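Morning, everyone. Let me put the structure up, and then we will walk through it piece by piece.

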Amino acid sequence: MSDIDTMLDMARKAIENAYCPYSKFPVGAVIKAESGKLYASCNVENAAFPAGSCAEQGAISAMVCGGDRKIKEIVVMGDGEALVSPCGSCRQRIREFGDENTVVYICDRKGVRKTLTLKELLPYSFGPENLDM
Ligand code: THU
């Protein structure tokens, strides 16, 4: 199985476990890190709404905890007609550990719907290099 197929399978499992009783909008995310390791997560909401977390956020935490620091690719999986692309905050979170060539696969449960680079999603971004003074 190719990495993207494995990532899609992991995202399908992650989205199944999403905790989203308020929005009823499950999201799954899977990161392929520089090491080749894959990290999955889902959105986890909270009765105090702003305390909820996005799927990408959880996958980034898992990646950092797993010892990786660089995102090569990320799958974001959600349902519905509109493309489920990372929210603004998550674009910035991905930027922290990605670069302009980081690949973002926007997916539904059937597969990849659109492939973009982080540069396309977040042009003229602000990142850690900006603070190298
Ligand atoms: N959500 C994500 O997990 N990732 C995104 O990039 C978009 C939004 C979640 C947050 C919330 O639990 C639900 O989707 C509805 O906004």
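Start at Ser-35, which sits in the loop between β1 and β2 (38-42). Helices (H or I, at least four residues) and strands (E, at least two) are DSSP runs here, numbered from the N terminus. Before going further, the ground rules. This is a predicted model: local features need pLDDT of at least 70, side-chain atom pairs count only at pLDDT 80 or more, and totals for chains, interfaces and linings use all residues. Residues are numbered from 1 along each chain as its sequence is written, and side-chain values use heavy atoms, with hydrogens and water left out.

Back to Ser-35. Is Ser-35 buried, exposed or partly exposed? Ser-35 counts as partly exposed, because its relative accessibility is 47%. The cut-offs: buried is under 20% relative accessible area, exposed is over 50%, partly exposed is in between, with a 1.4 Å probe and protein chains only. The side chain of Ser-35 makes a polar contact with the side chain of Asp-68, at 2.7 Å. A polar contact is a pair of N or O atoms within 3.5 Å; within protein, one must be able to donate a hydrogen and the other to accept it, and residues adjacent in sequence count only if both atoms are side-chain atoms.

Glu-34 has a relative accessible area of 55%, so it is exposed. From Glu-34 to Lys-13 is 22 Å, C-alpha to C-alpha, and 21 residues in sequence.

Next, the ligand. Where does the ligand sit? In the largest pocket. A pocket is found on a 1 Å grid over the protein atoms alone: it is an open set of points where a 1.4 Å probe fits, with protein on both sides within 12 Å along at least five of seven lines. A molecule sits in one if more than half of its atoms lie within 2 Å of its grid points.

Who surrounds the ligand? Ser-23, Phe-25, Val-27, Asn-43, Glu-45, Cys-54, Ala-55, Glu-56, Ser-85, Pro-86 and Cys-87. Each has a heavy atom within 4 Å of it. By class, that shell has six nonpolar, three polar and two charged residues.

Glu-45 places a side-chain N or O atom 2.5 Å from a ligand oxygen. Asn-43 has a polar side-chain atom 2.9 Å from an oxygen of the ligand. Cys-87 uses its backbone: an N or O atom there is 2.9 Å from a ligand oxygen. On its own the ligand has 370 Å² of accessible area, and the protein covers 77% of that. Those areas come from the Shrake-Rupley method with a 1.4 Å probe.

On to Thr-102, in the loop between α3 (88-97) and β4 (103-108). Why is Thr-102 called buried? Because its relative accessible area is 1%. What does its side chain meet? One polar atom of the Thr-102 side chain lies 3.0 Å from the backbone oxygen of Ile-71. The backbone nitrogen of Asp-99 is 2.9 Å from a polar atom of that side chain.

Now backbone angles. Most residues other than glycine have a negative phi. Lys-24 is not a glycine, yet its phi is positive, about 55°. Lys-24 is in the loop between α1 and β1 (27-33). Lys-24 is exposed, because its relative accessible area is 64%. Tyr-124 also has a positive phi, near 50°. Tyr-124 is in the segment after α4 (118-121). With a relative accessible area of 86%, Tyr-124 is exposed.

Pro-123 is in the segment after α4 too. Pro-123 counts as partly exposed, because its relative accessibility is 45%. The C-alpha atoms of Pro-123 and Glu-100 are separated by 8.4 Å, and the two residues are 23 apart along the chain.

Last stop, Met-1, in the segment before α1 (3-16). Met-1 counts as exposed, because its relative accessibility is 73%. Met-1 and Met-63 are 22 Å apart, C-alpha to C-alpha, and 62 residues apart in sequence.

Key: 1 Å grid on protein atoms, 1.4 Å probe; cavity = no way out; pocket = protein on both sides within 12 Å on 5 of 7 lines; lining within 4 Å. Nonpolar A, V, L, I, M, F, W, Y, C, P; charged D, E, K, R; others polar.
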